[in-house]
Amino acid sequence: MNSGKFLLGVLAGAAAGALAGILFAPESGSKTRNKILKRGEDYSDALKKKLNDLHEAVTKKFKKVSEDVSDYSEKKLGKPEKAEKKTKTAKV
């Protein structure tokens with residue numbers, strides 16, 4: 001399932017729940033609005049945490065791939081310092 005579709009489903013579910021809560025609320029409007037606001041903040045906090053976790057995971061993977069590419073290039077091409085020394089000694 002696409003993460004965009006999942007997020008859209010979560011938002012649609014939250015909106016439907018909020019609407020149902022307003023329509024069938026046994027409490028006063030201000031108490032109901034406060035509950036909805038609190039629940040929305042909870043969903044917002046949960047979403048922020050998930051996005052931060054995703055950002056950290058992507059950052060770690062990017063760093064790992066970057067290190068792997070550097071290691072591979074050093075193995076195949078040699079270290080830049082060694083290549084420079086080889087060039088200087090070859091000219092002498």
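Modeller: The protein chain holds three helices and zero strands, where helices (H or I, at least four residues) and strands (E, at least two) are DSSP runs numbered from the N terminus, and the order of elements from that terminus is α-α-α. This is a predicted model, in which local features need pLDDT of at least 70 and side-chain atom pairs count only at pLDDT 80 or more, while totals for chains, interfaces and linings use all residues. Residues are numbered from 1 along each chain as its sequence is written, and side-chain values use heavy atoms, with hydrogens and water left out.

A pocket here is an open set of points on a 1 Å grid over the protein atoms alone, where a 1.4 Å probe fits, with protein on both sides within 12 Å along at least five of seven lines, and lining residues have an atom within 4 Å of a point; the volume is the space filled by probe spheres set on the points, which are joined across faces, edges and corners. The pocket is lined by 14 residues, of which Phe6, Leu7, Val10, Leu47 and Lys50 are the closest to its centre. Helix H1 (3-23) and helix H2 (29-77) are the elements that give two or more residues to this lining. By class, the lining of the largest pocket comprises 10 nonpolar residues, three polar and one charged, with Ala, Val, Leu, Ile, Met, Phe, Trp, Tyr, Cys and Pro counted as nonpolar, Asp, Glu, Lys and Arg as charged, and the others, Gly among them, as polar.
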